[in-house]
Amino acid sequence: MESTVNNQEMEKQRVNSTKWYANWKFITASIIFIIALFITAGSYYQITHFNSQIKINGIKVGGMTADQALKKLKTTVLKNVIYVGDQPIFDGKDTKMVFSDKDLPDLKKLLKSQWTFFPSSKAKDYSLMPNNQDQYRNQTLKKQVEEKLLAMNKRLKAPQDAMVHLKQGKIIVTNSIPGEQFDVTSLLKDYEKHKYISEIRLNPVYKQPIKEDSEYVKNQQKQFEEFLAETINYKVQDKVHTLKASELIKNASISKDLQIKIEDAGDIEKRITKINNAQSTLNKDFKFKTHSGSVISVKGRGYGWAINVNKEIPRIIKAFENRKKSISASNIYGYGWNGEGYGYGTTANNGIGHTYAEVSLAQQRIWIYKNGKLVVTTNVVTGNNSTGHNTSPGVWYILYKQTPSVLTGRENGKIIYQVPVKYWAPFTNDGQGFHDASWRGNWGSNAYLTNGSHGCVNTPPSIMRSVYDNLSPYDPVVVY
């Protein structure tokens with residue numbers, strides 16, 4: 001009997017245990033299902049919504065779907081305020097962001113990239129540019145910012161580069177000085193990279209001067225060193241003068257493209273003046289060997305040349321600046337009708353050469369030489385000594401030749417005679433020259449004392465053609 005009771009009790013316990021286990025399994029399954037449902041719902045929410053502390057272009061989109069975030073971005077107003085550092089420099093017009101439905105895929109990518117399995121409160125601000133171009137931000141506002149920065153720079157102190165100068169013959173480097181002006185190019189590059197937000201804050205970047213220890217300044221110093229070693233061979237007639245930069249150039253500057261500019265030509269002027277004084281013949285006495293072999297001095301009058309120093313200086317400066325090795329004098333002047341100087345190309349026979357006309361007032365005779373050989377000589381009658389119409393002594397030159405011609409004499413502006421001649425070769429600007437004189441009867445050696453010409457050299461008609469044919473324009477005429 002006791003065994004039967006025990007068996008019944010055990011069976012009862014087994015049934016109860018089975019029921020409890022079945023209930024536990026159901027409860028457990030229910031709990032798991034509920035958890036799974038919660039996780040699934042949470043995961044779906046996480047996948048379709050931004051985390052709580054997410055911003056896009058500074059705009060809060062936490063808890064929003066991509067569609068909701070796009071809608072908010074579309075309606076957000078940009079204030080377009082520009083700062084450089086903490087300083088506001090420009091307040092542009094308010095505009096709306098130009099986001100459109102074309103930007104939804106990019107927002108969904110951003111949503112996916114920020115996803116976390118569990119909700120995250122980590123703050124993060126994403127930058128997103130719309131597919132549509134914002135013409136105001138990209139062009140108009142950028143141009144306005146550039147103009148504003150340039151206008152501000154005009155009122156700000158500019159930096160000063162280190163500079164190399166030649167001062168009193170020494171190469172001097174002046175130190176650089178910082179300035180306050182903005183580096184507009186760098187700031188605009190920063191602007192282009194800036195996020196699509198209301199406030200654009202540009203990092204202050206300032207124009208920097210060229211430093212005294214820079215490679216650029218070293219190159220300038222090297223250019224000056226090479227420049228001071230330059231020489232120019234300056235040719236005047238058959239002589240070559242060496243012009244040294246180190247001796248003649250005391251003050252100069254150099255440009256950014258390393259071109260040296262001479263600022264003081266005083267020593268160059270002194271040197272060219274010295275050369276001119278030594279070689280020019282204008283207004284100087286010529287040493288002249290007469291037909292008899294005696295050497296005399298005759299004042300240069302119409303014949304002679306000189307260097308126009310004032311016009312020559314810029315040529316020499318330019319030659320130094322352009323690193324030329326040689327130049328020849330070119331600005332020659334004298335008493336020609338157009339200011340030209342005669343005799344520059346002649347160095348032989350003390351500048352007169354070997355082709356010339358010789359007139360002796362004392363002997364009343366002329367000698368004409370061609371290439372050093374006597375070709376014509378004849379007695380003549382020169383200007384009237386008693387009336388003060390003497391033929392003018394000096395070194396002149398044949399102005400021109402004319403055949404036939406009419407000679408006109410004037411006194412106090414009035415014409416006192418007009419005489420036809422076959423041959424006329426003047427050598428002074430006031431009308432003295434060689435011509436035939438068919439009216440003259442007295443050809444004696446003393447005729448000029450009281451019965452001379454009006455200043456011309458009267459030549460016997462029988463030989464005047466030979467005289468005329470052997471004279472050429474610009475030939476020297478030596479009257480003594």
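Which residues form one aromatic cluster? They are F288, Y356, Y369 and Y480.

1. Basis. This is a predicted model, where local features need pLDDT of at least 70, side-chain atom pairs count only at pLDDT 80 or more, and totals for chains, interfaces and linings use all residues. Residues are numbered from 1 along each chain as its sequence is written, and side-chain values use heavy atoms, without hydrogens and water.

2. Aromatic pairs. The whole structure holds 16 aromatic pairs (Phe, Tyr or Trp rings, the six-membered one for Trp, with centres within 6.5 Å; planes under 30 degrees apart are stacked, over 60 edge-to-face, the rest tilted).

3. F117 and F118. Their ring centres lie 4.7 Å apart and their planes meet at 85°, so this pair is edge-to-face. F117 is partly exposed at 46% relative accessible area, and F118 is exposed at 60% (buried is under 20%, exposed over 50%, partly exposed in between; 1.4 Å probe, protein chains only).

4. F427 and F434. Here the centres are 5.3 Å apart and the planes are at 55°, so the pair is tilted. F427 is buried at 1% relative accessibility. F434 is buried too, with a relative accessible area of 1%.

5. Helices α8 and α9. Helix α8 covers residues 266-279 and helix α9 covers residues 309-321. Their axes (lines fitted to C-alpha atoms over the stretch in contact, with angles from 0 to 180 degrees between N-to-C directions) come within 10 Å and cross at roughly 125°. The two are therefore oblique (under 35 degrees is roughly parallel, over 145 roughly antiparallel, 65 to 115 roughly perpendicular, the rest oblique).

Notes
Helices (H or I, at least four residues) and strands (E, at least two) are DSSP runs, numbered from the N terminus.
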